[in-house]
Amino acid sequence: MTKPLADRIALVTGASRGIGYATAIALAKAGAHIVATARTQGGLEELDDAIRKEGGSATLVPLNLTDSDGIARLGAGLHERYGKLDILVGNAGVLGPSSPIGHIELKTFNDVMAVNVSANFQLIRCMEPLLKQSDAGRAVFITSGAANKATAYVSPYAASKAALETLARAWAQETANTKLRVNLFNPGPIRTRMRATLMPGEDPATLDTPEQVAEFIVPLCAPDWTETGKFYDYKTRTLMSFRAPA
């Protein structure tokens, strides 16, 4: 049986655990070759083992996404090896502090923005030419409801996700007349380490798993996905359009 993503190259950031890990496996099951980035070599090796068990293949790239030159080198390497990129899943992110704004140091704020915004900006710059070489380039960025709720006490995270959404939407408009499709995906509360850090008293058994979420990310990466500049809300299973405030 032909797999829907056979012969496609998929770059997944933050792939060593959580939603990134599960999405990488789901994409591999669908036939894609996975280029997996994360800071932890051990987590990437575990991912590689899991993908191989599913009959898939992966290239492991230990990389701290605050290394903008490293992202550029990755783009150059993908160009040299494949000449294209079919799928980009911008999943890597950090929560940052849970504290009132006035108690947060500027460096701490900048550290969150560096991973959640600036790294994705550099990914867009370096991967756009490769995605445009694909017959159906697809980019999906993982966002959060904190962006539009302006959630208290996680202001750096909320601000970074709002910035990411605007960045992705602008890119979607810039590429609307190409074969590239750019969208955002909001998983909501999911059974991840980040969620447990934010809500330590919450029963994780009440939350959906990253594996459940990943099954809904895969269709946004497929060649037959046609929407761009949209927001998929996992909790309501709804594809939404952005609109100006009432």
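## Lys 230 and its surroundings

Let's start with Lys 230, which in this predicted model sits in the loop between H8 and S7. Setting aside the neighbours within four places in sequence, Lys 230 is in contact with Val 182, Asn 183 and Leu 184, and also with Leu 239, Met 240, Ser 241 and Phe 242.

Is Lys 230 buried or exposed? Its relative accessibility is 18%, and because the cut-off for buried is under 20%, Lys 230 counts as buried.

## How H4 meets H6

Now for some helix packing. Two packed helices are described by the angle between their axes and the distance between the axes. For helix H4 (residues 106-133) and H6 (155-174), that angle is about 15° and the axes are 8 Å apart. Angles under 35 degrees count as roughly parallel, so H4 and H6 are roughly parallel to each other. The crossing of H4 and H6 is right-handed.

Which residues make the contact? From H4 come Phe 109, Val 112, Met 113, Asn 116, Val 117, Asn 120, Phe 121, Ile 124, Glu 128 and Leu 131. H6 brings Pro 156, Tyr 157, Ser 160, Ala 163, Leu 164, Leu 167 and Trp 171. Sorted by class, the contact of H4 with H6 has 13 nonpolar residues, three polar ones and one charged one.

## How H1 meets H8

Here is another pair to look at: helix H1 (residues 18-29) and helix H8 (residues 210-217). Their axes are 8 Å apart, and the helices pack at an angle of about 55°. H1 and H8 are therefore oblique to each other. H1 and H8 cross in a right-handed way.

On the H1 side, the contact involves Gly 18, Ile 19, Ala 22, Thr 23 and Ala 26. On the H8 side, the partners are Pro 210, Glu 211, Val 213, Ala 214, Glu 215 and Ile 217. What classes do the residues in the contact of H1 with H8 fall into? Seven are nonpolar, two are polar and two are charged.

## Two residues with a positive phi

Next, look at a backbone angle called phi. Tyr 153 is not a glycine, yet it has a positive phi of about 70°. Where does Tyr 153 lie? You will find Tyr 153 in the loop between helix H5 (146-149) and helix H6 (155-174). With a relative accessibility of 51%, Tyr 153 counts as exposed, because the cut-off for exposed is over 50%.

Arg 237 is not a glycine either, and it has a positive phi of about 55°. Arg 237 is in the loop between strand S7 (231-233) and strand S8 (238-240). At 40% relative accessibility, Arg 237 counts as partly exposed.

## The cysteines

Finally, a word about sulfur. A disulfide is a covalent bond between the sulfur atoms of two cysteines. How many disulfides does the structure hold? The count is zero. Cys 126 is in no disulfide, and the nearest cysteine sulfur, that of Cys 221, is 20 Å away. Cys 221 is in no disulfide either, and for Cys 221 the nearest cysteine sulfur is that of Cys 126. A disulfide would need the two sulfur atoms to be within 2.5 Å.

Cys 126 counts as buried, with a relative accessibility of 16%. Cys 221 also counts as buried, at 0% relative accessibility.

How values were computed. Residues are numbered from 1 along each chain as its sequence is written. This is a predicted model: local features need pLDDT of at least 70, side-chain atom pairs count only at pLDDT 80 or more; totals for chains, interfaces and linings use all residues. Side-chain values use heavy atoms; hydrogens and water are left out. Buried means under 20% relative accessible area, exposed over 50%, partly exposed in between (1.4 Å probe, protein chains only). Axes are lines fitted to C-alpha atoms, for helices over the stretch in contact, and angles run from 0 to 180 degrees between N-to-C directions. Helices (H or I, at least four residues) and strands (E, at least two) are DSSP runs, numbered from the N terminus. Angles under 35 degrees count as roughly parallel, over 145 as roughly antiparallel, 65 to 115 as roughly perpendicular and the rest as oblique. A crossing is left-handed if the near helix is turned anticlockwise from the far one by less than a right angle, and right-handed if clockwise. Contact means heavy atoms within 4.5 Å. Ala, Val, Leu, Ile, Met, Phe, Trp, Tyr, Cys and Pro count as nonpolar, Asp, Glu, Lys and Arg as charged, and the others, Gly among them, as polar.
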